[in-house]
Amino acid sequence: MGPFPHELTTCVGVGLISGFAPYLATIFVLSNLKISPNLNNLSLPKLAICTLIYAALSAGLHQWWFAIRGLDETGSFNHFLVMLIGDVLGTIVLVGLIKVGLDLLKPSRPA
């Protein structure tokens with residue numbers, strides 16, 4: 001894909017998709033995976049499924065938008081796959097950082 005066009009409609013669409021994809025994934029997950037809204041029954045396999053659902057939804061919507069906007073060399077399965085892998089890896093890094101941060105906030109136990 002060449003340089004990203006700085007056209008307002010394209011940029012607003014990307015921003016809306018970036019903001020609403022996690023929200024849509026949350027609605028889908030809460031209604032279909034039997035995860036409670038406070039996440040008290042979230043397990044590692046369910047977290048992996050949530051990550052894949054979000055990544056697929058985000059990558060799919062972005063590639064659909066790029067194809068609709070007529071951007072060069074976009075909208076193919078290869079572009080979707082690259083964006084999916086990037087979203088999954090980014091989510092893993094973010095969840096890992098949050099986990100480390102939460103572990104650092106726990107009070108240490110005296111030995």
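## Pro37 and the loop between helix 1 and helix 2

Let's start with Pro37, which sits in the loop between helix 1 and helix 2. Helices here are DSSP runs of H or I with at least four residues, numbered from the N terminus. Pro37 has a relative accessible area of 73%, so it counts as exposed. The classes used are buried for under 20% relative accessible area, exposed for over 50%, and partly exposed in between, with a 1.4 Å probe and protein chains only. Along the chain Pro37 and Asp103 are 66 residues apart, and their C-alpha atoms are separated by 22 Å.

A word on the model: it is predicted, so local features need pLDDT of at least 70 and side-chain atom pairs count only at pLDDT 80 or more, while totals for chains, interfaces and linings use all residues. Residues are numbered from 1 along each chain as its sequence is written, and side-chain values use heavy atoms, with hydrogens and water left out.

Helix 1 covers residues 8-32, and Phe20 is found in it. With 48% relative accessibility, Phe20 is partly exposed. Phe20 also belongs to a nonpolar surface patch of about 700 Å², together with Leu8, Val12, Leu16, Tyr23, Leu24 and Ile27.

Patches are built from residues with over 30% relative accessible area and no salt bridge; like charges are joined within 9 Å, and nonpolar side chains (Val, Leu, Ile, Met, Phe, Trp, Tyr) within 5 Å. The accessible areas come from the Shrake-Rupley method with a 1.4 Å probe, and for residues only the protein chains shown count as cover.

## Helix 2 and its buried residues

Helix 2 has 25 residues, and at 1.5 Å a residue it should span 36 Å; its end C-alpha atoms are 36 Å apart, in agreement. The expected span is 1.5 Å times one less than the number of residues. Buried residues of helix 2 are Cys50, Thr51, Ile53, Ala55, Ser58, Ala59, His62, Gln63, Trp65 and Phe66. Their cover includes helix 1 and helix 3 (77-105), where contact means heavy atoms within 4.5 Å.

Setting aside neighbours within four places in sequence, His62 is in contact with Val14, Ile17, Ser18 and Met83. With Ser18 there is also a side-chain to side-chain polar contact from His62, at 3.2 Å. A polar contact is a pair of N or O atoms within 3.5 Å; within protein, one must be able to donate a hydrogen and the other to accept it, and residues adjacent in sequence count only if both atoms are side-chain atoms. After helix 2 comes Gly70, with a positive phi near 75°.

## Helix 3 and its packing

Phe80, Leu84, Asp87, Val88 and Thr91 are buried in helix 3, and the buried residues of helix 3 pack against helix 2.

Take Thr91 as an example from helix 3. Its relative accessible area is 18%, so Thr91 is buried. Not counting residues up to four places away in sequence, Thr91 touches Thr51 and Tyr54.

## Salt bridges

Side chains of opposite charge can pair when their charged atoms come close. A salt bridge is taken as a side-chain nitrogen of Lys or Arg within 4 Å of a carboxyl oxygen of Asp or Glu, and the count comes to 3. One of them joins Glu7 and Arg69, with their closest N and O atoms 2.6 Å apart. This pair links distant parts of the chain, 62 residues apart: Glu7 is in the segment before helix 1, and Arg69 is in the loop between helix 2 and helix 3. Glu7 is partly exposed at 38% relative accessibility, and Arg69 is partly exposed at 28%.

In helix 3, Lys99 and Asp103 lie 4 residues apart, about one turn of the helix, and their side chains meet in a salt bridge (2.9 Å, N to O). Lys99 is partly exposed at 48% relative accessibility, as is Asp103 at 34%. Asp103 also meets Lys106 in a salt bridge (3.8 Å, N to O). Shared partners join Lys99, Asp103 and Lys106 into one network of salt bridges. Lys106, at 54% relative accessibility, counts as exposed.

Conventions: Helix = DSSP H or I, 4+ residues; strand = E, 2+ residues; numbered from the N terminus.
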